[in-house]
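Work through the exercises below with the sequence and the model at hand, and try each task before reading its solution.

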Amino acid sequence: MTEQGRLERFLRTDPRDVGCDEAMAVLHVYVDLVAAGQDAAGHYPGVAVHLLACGPCGEDFAGLLQGVTDDPAGRG
Amino acid sequence: MRADDLDEDSSAWLRRLSATGGERQEAERDLHARLVRIALAEVRRRSASTPVAGPELDDVAHQAAGDAMLAILAKLTDFRGESRFTTWAYRFVILEVSSKLGRHYWRNPPVRLDAAQWERLPDRLGIDPARHAESAGILAEVRRVVDDELTAHQRRVFVAIVVDGIPLDALAAKLGLGRNAIYKVIFDARRKIRRALVANGYLEEPGVEQR
């Protein structure tokens with residue numbers, strides 16, 4: 001990627017982005033869909049966009065997904 | 001949602017946590033042990049991206065598990081079965097870890113608020129050091145837009161997050177704002193900067209803009 005492309009990507013905003021509050025409100029639902037191998041981004045496209053754009057929410061998503069997939073109780 | 005509409009594991013958690021006496025106490029101990037395990041794993045996963053370290057990191061995990069436990073018990077009737085119970089519950093502890101790491105950042109911050117380390121911007125944006133010179137013009141324009149066209153609040157937040165690399169949750173804690181409020185400021189600032197760069201011929205693509 002060119003330097004201009006890198007900056008362009010950083011500055012680009014997506015109107016589908018639902019923001020942190022809305023994404024965190026359904027994070028558990030989204031994570032269960034991902035963990036079950038379902039199309040979470042298809043169900044919640046605005047959440048998917050946000051999790052890619054927002055570092056902290058992306059971290060919460062990664063942490064919760066790891067927590068449920070590593071859960072010794074399994075995912076029955 | 002009725003308990004018999006839930007998956008077996010979630011139904012059992014609700015039944016045990018809604019019981020009385022020893023059954024409920026045992027369920028609370030089980031859940032707390034899980035929250036502690038999740039919190040410890042999470043602070044370790046994030047250890048490279050936070051200045052919080054050592055025993056303080058474990059303290060954050062235990063505090064997060066305790067506070068999450070209280071929140072879960074207080075909101076048990078809010079659980080609607082949209083996910084597994086454990087996923088719903090673990091979300092509380094993950095969000096508590098984020099919030100507490102944000103607050104603990106200021107005990108020993110690697111960067112002070114309002115440091116404005118503009119010379120670090122190319123690195124923050126992932127620009128190859130060998131190409132800093134050729135990107136100097138466009139980055140100077142970014143700084144001009146930040147200085148001249150952002151509001152004072154937008155400028156302070158943009159500089160803290162993007163230029164100085166202060167974690168968003170840490171800035172939110174410092175300014176007494178929610179994460180979403182900070183994100184929205186950055187979102188609007190990015191859009192404003194981009195529009196200015198396009199208007200002044202530094203960027204060409206129309207990109208996604210409307211909102």
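**Exercise 1: a helix and its end**

Find the residue just after α9(B) that takes a positive phi, and then examine the helix itself.

Solution. Just after α9(B), the residue with a positive phi, of about 85°, is Gly201(B). This is a predicted model, in which local features need pLDDT of at least 70, side-chain atom pairs count only at pLDDT 80 or more, and totals for chains, interfaces and linings use all residues. Residues are numbered from 1 along each chain as its sequence is written, while chains are lettered from A and ligands numbered from 1 in the order in which they are written.

Next, consider the length: helix α9 of chain B has 21 residues (179-199), which at 1.5 Å a residue should span 30 Å, and its end C-alpha atoms are 30 Å apart, in agreement. The expected span is 1.5 Å times one less than the number of residues.

Then list the buried residues (20 or more other C-beta atoms, placed from the backbone, within 10 Å of their own): among them are Ile182(B), Val185(B), Ile186(B), Ala189(B) and Ile193(B).

**Exercise 2: the form of chain A**

Solution. Chain A has six helices and zero strands, where helices are DSSP runs (H or I) of at least four residues and strands (E) of at least two. Its radius of gyration, taken over C-alpha atoms, is 14 Å, whereas a compact globule of 76 residues would have one near 11 Å. Finally, the C-alpha atoms of chain A fill a box of roughly 50 × 20 × 20 Å along the principal axes.

Terms used:
Buried ≥ 20, exposed ≤ 12 C-beta atoms within 10 Å, placed from the backbone. Rg over C-alpha atoms; globule rule 2.2 N^0.38 Å.
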